[in-house]
Amino acid sequence: IVYDAGVVAFKNEDFDQAKALFDGVTQNDQASRRLKEQAYFNKANTHVKLNELKEALAVYDQVLMLNPYNEQAKHNVNV
């Protein structure tokens, strides 16, 4: 539910709220690895929307630590 709320906030361009919600998912010990990967990826995207590129790169690295095969994260790091 928290992840979905983050997606809604992102779509509504409430990037600070989206970032906080995605961060909550990444810190939830009961969230699946896949959900955490998605939350980190979307959190990184919110950093991009806020022009926080250094922070975005660090969060994309978190995605790649969870899944080194995430092609979208690899692409975003290398753009």
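This is a guided tour of a predicted model, moving from one selection to the next.

Residues are numbered from 1 along each chain as its sequence is written. Because the model is predicted, local features need pLDDT of at least 70 and side-chain atom pairs count only at pLDDT 80 or more, while totals for chains, interfaces and linings use all residues, and side-chain values use heavy atoms, with hydrogens and water left out.

**Stop 1: helix α3**

Begin by selecting residues 33-49, which form helix α3; helices here are DSSP runs of H or I with at least four residues, strands are runs of E with at least two, and both are numbered from the N terminus. With its 17 residues, α3 reaches 24 Å from its first C-alpha to its last, close to the 24 Å expected at 1.5 Å a residue, where the expected span is 1.5 Å times one less than the number of residues. Colour the buried residues of α3, among them K36, A39, Y40, F41, A44 and N45; buried means under 20% relative accessible area, exposed means over 50%, and partly exposed lies in between, using a 1.4 Å probe and protein chains only. These buried residues pack against α1, α2, α4 (53-66) and α5 (71-78). After α3 comes N51, whose phi is positive, near 60°.

**Stop 2: N45**

Stay in α3 and select N45, which counts as buried at 18% relative accessibility. Its side chain is joined to that of Y60 by a polar contact of 2.4 Å, a term for a pair of N or O atoms within 3.5 Å; within protein, one atom must be able to donate a hydrogen and the other to accept it, and residues adjacent in sequence count only if both atoms are side-chain atoms. Not counting residues up to four places away in sequence, N45 touches F10, Y60 and N76, where contact means heavy atoms within 4.5 Å.

**Stop 3: the largest nonpolar core**

Next, select Y40, F41, A44, A56, V59, Y60, V63, L64, L66 and A73, which together make up the largest nonpolar core; such a core is a set of buried Ala, Val, Leu, Ile, Met, Phe, Trp, Tyr and Cys residues joined through side-chain atoms within 4.5 Å. The elements giving two or more residues to this core are α3 and α4, and its largest share, six residues, comes from α4. Leaving aside neighbours within four places in sequence, A73 is in contact with F41, Y60, V63 and L64. A second, separate core has eight residues, including A18, L21, V25 and A31.

**Stop 4: aromatic pairs**

A search of the whole structure finds three aromatic pairs; rings of Phe, Tyr and Trp (its six-membered ring) pair if their centres lie within 6.5 Å, and planes under 30 degrees apart count as stacked, over 60 as edge-to-face and the rest as tilted. Select Y3 and F22, a tilted pair at 5.5 Å centre to centre with 50° between the planes. Y3 lies in helix α1 (residues 2-11) and F22 in helix α2, so the pair ties together parts that are 19 residues apart in sequence. Both Y3 and F22 are buried. Then select F10 and F15, whose ring centres are 5.2 Å apart and whose planes meet at 70°, so this pair is edge-to-face.

**Stop 5**

Finally, select T26 in helix α2, a buried residue with a relative accessible area of 7%, whose side chain reaches the backbone oxygen of D23 at 2.7 Å. Q27, in the loop between α2 (15-26) and α3, is exposed, with a relative accessible area of 57%.
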